[in-house]
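Please read them beside the sequence and the 3D view.

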Amino acid sequence: MTKMGVRPSRIVDLRKKKVLLDKRLESLYKKAKHLEILCDIEIGMFFFTPGDQNIFAWPSLTQATDRVKNYLGFFDKKCPIKMVKHEDLLQSVLNAKEGKINQLEKIVEKKEMEYNFNQLVEAGKKFDELEVREIRALINLFTVKRAQLDERAKQLDENVETEIDSNDYNDGEENDGHL
């Protein structure tokens with residue numbers, strides 16, 4: 001015959017509650033003691049009832065307190081863990097988002113200036129219609145475009161010089177009768 005489990009429910013009678021608590025704590029103490037012996041670990045437990053000044057500690061209040069202090073001291077000495085405050089984490093996320101927004105703003109500004117430049121070239125927009133900010137950005141765009149053109153001209157000059165040098169080398173060879 002199987003044993004039917006008892007459903008846990010709140011106990012109203014204080015005497016029954018105290019008896020059950022003592023019985024269950026004794027069982028828990030035995031299991032903790034066996035676990036300490038079998039696994040060679042230190043166990044310290046604290047129990048308290050909300051609204052009551054009584055604190056139950058195992059194996060004793062001083063030993064349990066010492067074990068908690070050892071546990072907390074372990075992280076300070078042997079195993080440093082990087083603790084991040086929630087505020088610091090949020091600030092780092094905010095900084096990353098602001099950096100991304102700044103990058104996107106620069107891309108938008110660049111596209112906008114290229115659009116304004118194209119509108120000026122195609123006579124779709126008059127220079128007088130631009131705002132001061134747009135004019136300054138166009139000046140910056142012109143300097144960037146000018147630098148790109150100068151760099152491209154330099155590359156083309158180098159390519160032409162290497163082709164001329166290779167042709168000069170071929171001119172010195174004897175003609176084998178082909179025109």
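1. Terms for exposure. A residue is called buried under 20% relative accessible area, exposed over 50%, and partly exposed in between, with a 1.4 Å probe and protein chains only. By that scale Asp40 is exposed, because its relative accessibility is 72%.

2. Basis of the notes. The model is predicted, so local features need pLDDT of at least 70 and side-chain atom pairs count only at pLDDT 80 or more, while totals for chains, interfaces and linings use all residues. Residues are numbered from 1 along each chain as its sequence is written, and side-chain values use heavy atoms, with hydrogens and water left out.

3. Overall layout. The protein chain has four helices and two strands, where helices (H or I, at least four residues) and strands (E, at least two) are DSSP runs numbered from the N terminus. Along the sequence the pattern reads α-β-β-α-α-α. Of the 179 residues in the protein chain, 10% are buried. Among contacts (heavy atoms within 4.5 Å) with a separation of 6 or more, 25% are between residues 24 or more positions apart. The accessible surface, computed by the Shrake-Rupley method with a 1.4 Å probe and, for residues, with only the protein chains shown as cover, comes to about 16,800 Å² for the protein chain. Carbon and sulfur atoms hold 57% of that surface.

4. Backbone at Asp40. Asp40 has a phi near 55°, a positive value in a residue other than glycine. Asp40 sits in the loop between helix 1 (14-39) and strand 1 (45-48).

5. Backbone at Pro59. The peptide bond that joins Trp58 and Pro59 is cis, with omega about 0°. Pro59 is in the loop between strand 2 (55-58) and helix 2 (61-77). As background to this point and the one before, most residues other than glycine have a negative phi, and most peptide bonds are trans.

6. The structure holds four salt bridges, a salt bridge being a side-chain nitrogen of Lys or Arg within 4 Å of a carboxyl oxygen of Asp or Glu. One of them pairs Lys18 with Asp22, with the closest N and O atoms 3.3 Å apart. Lys18 and Asp22 are separated by about one helical turn, because they are four residues apart in helix 1. Lys18 is partly exposed at 42% relative accessibility, and Asp22 is partly exposed at 36%.

7. A linked set of salt bridges. Which residue forms a salt bridge with Lys33? The partner is Glu36, and the closest N and O atoms are 4.0 Å apart. Glu36 and Lys33 are three residues apart in helix 1, so about one helical turn separates them. Is Glu36 buried or exposed? Glu36 is buried, because its relative accessible area is 12%. Lys33, in turn, is partly exposed at 41%. Arg67 also forms a salt bridge with Glu36, with the closest N and O atoms 2.5 Å apart. That pair links distant parts of the chain, with Arg67 in helix 2 and Glu36 in helix 1, 31 residues apart. Through shared partners, salt bridges join Lys33, Glu36 and Arg67 into one network. In general, side chains of opposite charge can pair when their charged atoms come close.

8. Nonpolar patch. Patches consist of residues with over 30% relative accessible area and no salt bridge; like charges are joined within 9 Å, and nonpolar side chains (Val, Leu, Ile, Met, Phe, Trp, Tyr) within 5 Å. A nonpolar patch on the surface is formed by Phe46, Phe48, Ile55, Leu61, Val68, Tyr71 and Leu72, with about 750 Å² of accessible area together. Strand 1 and helix 2 each supply at least two of its residues, and helix 2 gives the largest share, four residues. Val68 belongs to helix 2 and is partly exposed, with a relative accessible area of 35%.

9. Negative patch. Glu151, Asp157, Glu158 and Glu161 form a negative surface patch. Lys and Arg count as positive and Asp and Glu as negative, with His and the chain ends not counted; the place of a charge is taken as NZ of Lys, CZ of Arg, CG of Asp or CD of Glu. Glu158 lies in helix 4 (residues 132-171) and is partly exposed at 47% relative accessibility.
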